[in-house]
Amino acid sequence: RGARAVCALMVASVVSGACPARAQSAPSASTPSASAPDDATTRGRNAIVRGLKLARDEQWGDALTAFEEAAAARDAPLVEWNIAYCERALGRYVAARKTLQAVSSNTTGLDPSQIDDMKAYLAEFEKLIVRVAVQLDPPNATITVDGRPLFEGDAKDTYLGAVAPAGVGTPLGKAAFTVLLDPGAHLFRAVREGHQDALLPK
């Protein structure tokens, strides 16, 4: 048989348009506590100080990188909160939602106002994030969005787009599922050996 096109039929619906940003508390200047300073703690604290300065200058991409360096050196809920703060400022709502959902299970080091902001941000993301219903044929095709594989979400048959590092990914083995995406243009690609690639801008 000739090459058969992979069929990826998607219907996107924005739950609502972007809503005005809620008043925010500034990224926290606190640093994770440690019983004794070591190289990792020092690197983490230095990265946090650098991230806070960049955040004050609204250099969100560089601030995010600094906070991610801090997390790699000495992670803590407060560091992740700062990461989510930058992701939100950059419009990366799916990533910020994922980060804050993890923080919500351990809020050690956060003050009450930060916890309140976290709850408000999570509610805000539900209004901003786009949900795309995907029908995939054949179901063992590999699908990527914007050149990134899908990341498993917190609900059944739900996946996150634009969160995982760039790459090919692995087949999900599902004919129908939902993808959460940030608002804006995205490119879906479905690939299976022996079939013609399917590209679908959305």
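This is a predicted model: local features need pLDDT of at least 70, side-chain atom pairs count only at pLDDT 80 or more; totals for chains, interfaces and linings use all residues.

User: How many helices and strands are in the protein chain?

Analyst: Helices (H or I, at least four residues) and strands (E, at least two) are DSSP runs, numbered from the N terminus. The protein chain has five helices and 11 strands. Of its 202 residues, 39% are buried, where buried means under 20% relative accessible area, exposed over 50% and partly exposed in between (1.4 Å probe, protein chains only).

User: At what angle do the axes of α3 and α5 cross?

Analyst: Axes are lines fitted to C-alpha atoms, for helices over the stretch in contact, and angles run from 0 to 180 degrees between N-to-C directions. Helix α3 (residues 77-89) and helix α5 (residues 112-128) have axes that come within 12 Å and cross at roughly 40 degrees. That makes α3 oblique to α5; angles under 35 degrees count as roughly parallel, over 145 as roughly antiparallel, 65 to 115 as roughly perpendicular and the rest as oblique.

User: Which residues make that contact?

Analyst: Contact means heavy atoms within 4.5 Å. From α3 come Leu78, Trp81, Tyr85 and Arg88, and from α5 Gln114, Asp117, Met118, Tyr121, Glu124 and Phe125. They divide into six nonpolar, one polar and three charged. Here Ala, Val, Leu, Ile, Met, Phe, Trp, Tyr, Cys and Pro count as nonpolar, Asp, Glu, Lys and Arg as charged, and the others, Gly among them, as polar.

User: How does α4 meet α5?

Analyst: The axes of helix α4 (residues 93-104) and α5 come within 10 Å and cross at roughly 145 degrees. Tyr93, Ala96, Arg97, Leu100, Gln101, Val103 and Ser104 in α4 meet Met118, Tyr121, Leu122, Phe125, Glu126 and Leu128 in α5. This contact divides into nine nonpolar, two polar and two charged residues.

User: What is the order of strands in the open sheet of four?

Analyst: Strands of a sheet pair through backbone hydrogen bonds, either parallel or antiparallel. Two strands count as paired if DSSP finds at least two bridges between them. The order here is β5-β4-β9-β11, with antiparallel pairing. The edge strands, each pairing on one side only, are β5 (148-149) and β11 (198-201). Four bridges join β4 (residues 142-145) to β9 (residues 187-191), and threonine 142 has valine 191 as its bridge partner in β9.

User: Where does threonine 144 of β4 pair, and what lies between β4 and β5?

Analyst: Threonine 144 stands opposite proline 149 in β5. The hairpin of β4 and β5 has two residues between the strands, and aspartate 146 takes a positive phi near 55 degrees there.

Terms used
Residues are numbered from 1 along each chain as its sequence is written. Side-chain values use heavy atoms; hydrogens and water are left out.
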